[in-house]
Amino acid sequence: MSYNFLPYEQDQLYLMPPSVQEWVREESYTRFLSDVVDQLALSGRLSCFYAQYREDGWGA
């Protein structure tokens, strides 16, 4: 049995996760924050935050 297995939830509303892009307006502050975090991640400024997570995927 896989350690990364997610349990089945019978009351799950969606088969696939919804796209936030469809639910959030283009001019929303939420999109702005998402873009800022993406840019910080691409520039490597979030590496100290991600350092505590395992790279092999175990423990998700």
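So, salt bridges: the count here comes to two. Keep in mind that this is a predicted model.

Let's take the pairs in turn. One joins Glu27 and Arg25, with the closest N and O atoms 3.1 Å apart. Both Glu27 and Arg25 are exposed.

The other pair is Glu26 with Arg31, where the N to O distance is 3.3 Å. Now, are those two partners buried or exposed? Well, Glu26 has a relative accessible area of 62%, so Glu26 counts as exposed. Arg31 sits at 16%, and because buried means under 20%, Arg31 is on the buried side. And the general idea, for anyone who wants it: side chains of opposite charge can pair when their charged atoms come close.

Okay, on to the nonpolar side of things. Which residues make the nonpolar surface patch? That would be Tyr29, Phe32, Leu33 and Val36, and the patch covers about 400 Å². Let me pick out Val36, which lies in helix H2, residues 29-43. Val36 has 32% relative accessibility, so we call it partly exposed.

Zooming out to the whole chain, then. How much of the chain is buried? Of the 60 residues, 7% count as buried. As for the surface, the chain exposes about 6,400 Å², and carbon and sulfur atoms supply 58% of that area.

How values were computed. Residues numbered from 1 in each chain as written. Predicted model: local features only at pLDDT ≥ 70, side-chain atom pairs only at ≥ 80, totals over all residues. Heavy atoms only, no water. Salt bridge = Lys/Arg side-chain N within 4 Å of Asp/Glu carboxyl O. Buried < 20%, exposed > 50% of the residue type's maximum accessible area, 1.4 Å probe, protein only. Patch = residues over 30% accessible without salt bridge, like charges linked within 9 Å, V, L, I, M, F, W, Y side chains within 5 Å. Areas by Shrake-Rupley, 256 points an atom, 1.4 Å probe, with all protein chains shown as cover. Helix = DSSP H or I, 4+ residues; strand = E, 2+ residues; numbered from the N terminus.
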